[in-house]
Amino acid sequence: MTPGADRIKLENVDMRFTTDRGPLTVVDDVSLTIREGEFVALVGPSGCGKTTLLNMMAGFIRPTDGHVLLDGTAITGPGRERGVMFQEYGVFPWLTVKENIAFGLRLAANRVPAEKREEICERYMRLMRLTDFRNAYPKTLSGGMRQRVALARAYAVNPAFLLMDEPFGALDAQTRTAMQDLLLEVLASENKTVVMITHSVDEALYLASRIVVISARPARIRKIIDVPFGYPRQDNVHDLPQFAELRAEIKELVMQEYAAQEQQARLRLSD
Amino acid sequence: MTNVAPTAAKAAPVATRSGPCRFQARSLLYPVLPWLILIGLWYAIHHSGLVKPTLVPAPHVVLAKFWTLVTTQSFLTDIWMSTQRVVLGVVLGVACAVPVGFLIGWYAPVRTFVNPLINFFRALPPIALIPLVIVYFGIGESAKVIILFYAAFFSGVIVMYEGISQINPIFIRVSRTLGATDGEIFRRIIVPLSLPHVVTALRVALGVAWATLVASELIAAQEGLGAVIQDATAFFQLDTIYVGIITIGTVALIMDTLLRQVSRRLLAWQERIDA
């Protein structure tokens, strides 16, 4: 696949739910193209419908109206070319670190012979610094380690896409920074197309090549910003004047939408 | 590059399949202590004069009675018969409860359809069914096992269904994104996640079955711990009644301990504050 080619396409996507209080529009006429090799960050107030957009790309839900396409064909369900990382890690508690990573490789869809499986597991355990914990159960691991297991598991089946829903949201600041660096490092060695939801404008600017600001509910695209920093990206981008300017601009947008979302919540309460 | 180095954590204890080690002295004393206190209290009540000593036979008298029953009568056979009935009832009951509990836990339509029935029958005390069971199944071995089956099945179904309906859908989503088929999701996700609930169902069912045992052996049982207690009541042999009751408790406790051992082996991954 040539870099920059259109891969996932949302075309005039609407999502409506019927609730006790009548119809609720969560996504309103969103069109967005994810191109090969880019890293798209979706930022916006919580509850605005970002996760709904990501779930559509993952194939967990289908839009009420519009189309969600992968290379021109409609997405009808989850698929192994689209790895997903969830906010609540989703690491299998009954499997050890290594068994978690090997999970996808044992499935018929990816059927990988034993030696090859061993090799892939070792590689990702090394990459995610989990080698010493290969036989540990998730209950003994910290949040950051669990998230690394989830990342390794998603990577092991070699998906073309990585769809991440606030993957580092529950981590403490230090672990979060470490995970961001680790993600950049891994992405540098294996090219993936990434869509990531985040609350953190800093995180979006540090990681992404494009930032999509989503409006308060119903989700609309408020603005798309091309991040001018290239890859491999170093920690020092944080110090660039451009970083500060862009951060201020995006924060302003996000705060406006956040206020709008708050206002909506207040109105709903007073109904 | 910030390093998420696991070196420091290397020293930290990491529970692996080999299992945690325990402090010997504590683990020996703690389970024994409450029994010693209980026996002490028993003696105290016996000697206090609050109750007629003949109404509360002293522990050593009960122990002596136990020995007499074992050596001169067929008490071991009674224990064996009761245990056999309980195990049979529980195994059959839970074997049926697992698939049924799974169906109603997994498929919401089945649940709305079956739930009222389950709750109706669950509310019926097994003892109340004894007359009907006698009419339909006579007074043989099968009648007793059926009562125990009934008790085990309904308690097991509830445990299974609660457990299955609480399975976090995220695991299924994750496995789908990795390419799992429905069959693989069942084998690799649902089965391991159901296992703890099967063990809990067995434990709950065992408890209920022992509780129901005496009732089931009221059905003209010749042998069994319930029958022993029943006979002793007729002759006001309080020491024998005590022996029967304590034996039921002891056998039930042993079985539960065995099950807990099995589940600890099987379910080392579970997050729990282990006693």
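**Exercise 1. Secondary structure and overall dimensions**

How many helices and strands does chain A have? Determine also which radius of gyration chain A has.

*Solution.* The model is predicted: local features need pLDDT of at least 70, side-chain atom pairs count only at pLDDT 80 or more, and totals for chains, interfaces and linings use all residues. Residues are numbered from 1 along each chain as its sequence is written, while chains are lettered from A and ligands numbered from 1 in the order in which they are written.

Step 1. Helices (H or I, at least four residues) and strands (E, at least two) are taken as DSSP runs, numbered from the N terminus. Chain A has seven helices and 10 strands.

Step 2. The radius of gyration is taken over C-alpha atoms, and the globule rule is 2.2 Å times the number of residues to the power 0.38. For 271 residues a compact globule would be near 18 Å, and the 19 Å of chain A agrees with this.

Step 3. Along the principal axes, the C-alpha atoms of chain A fill a box of roughly 60 × 45 × 40 Å.

**Exercise 2. Burial and contacts**

State what percentage of the residues in chain A is buried, and describe the sequence separation of the contacts.

*Solution.* Step 1. A residue is buried if 20 or more other C-beta atoms lie within 10 Å of its own, exposed if 12 or fewer, and partly exposed in between, with C-beta atoms placed from the backbone. Buried residues account for 44% of the 271 residues in chain A.

Step 1. Two residues are in contact if their C-beta atoms, placed from the backbone, lie within 7 Å. Of the contacts in chain A between residues at least 6 apart in sequence, 72% join residues at least 24 apart.

**Exercise 3. The surroundings of strand 7**

Characterise strand 7 of chain A by its burial and by the strands with which it pairs.

*Solution.* Step 1. Strand 7 covers residues 161–165, and five of the five are buried, so the strand is largely enclosed by the rest of the structure.

Step 1. In a regular strand the side chains alternate between the two faces of the sheet. Here A:F161, A:L163 and A:D165 point one way, whereas A:L162 and A:M164 point the other way.

Step 2. Two strands pair if DSSP finds at least two bridges between them. Strand 6 (residues 82–85) pairs with strand 7 in the parallel sense over four bridges, and A:V84 has A:L163 as its bridge partner.

Step 3. Strand 8 (residues 193–198) also pairs with strand 7 in the parallel sense, over five bridges, with A:F161 opposite A:T193. The chain passes from strand 7 through helix 5 (residues 173–189) to strand 8 in a right-handed β-α-β crossover. Right-handed denotes a path from the first strand over the helix to the second that runs clockwise with the strands pointing away from the viewer.

**Exercise 4. The largest nonpolar core**

Which residues have the most contacts inside the largest nonpolar core?

*Solution.* Step 1. A nonpolar core is a set of buried Ala, Val, Leu, Ile, Met, Phe, Trp, Tyr and Cys residues joined through C-beta atoms within 7 Å. The largest has 89 residues, and A:V43, A:M57 and A:A152 have the most contacts inside it. Helix 4 (residues 143–156) of chain A supplies the largest share of this core, eight residues.

Step 1. Not counting residues up to four places away in sequence, the residues that A:V43 touches include A:T198, A:I211 and A:V254.
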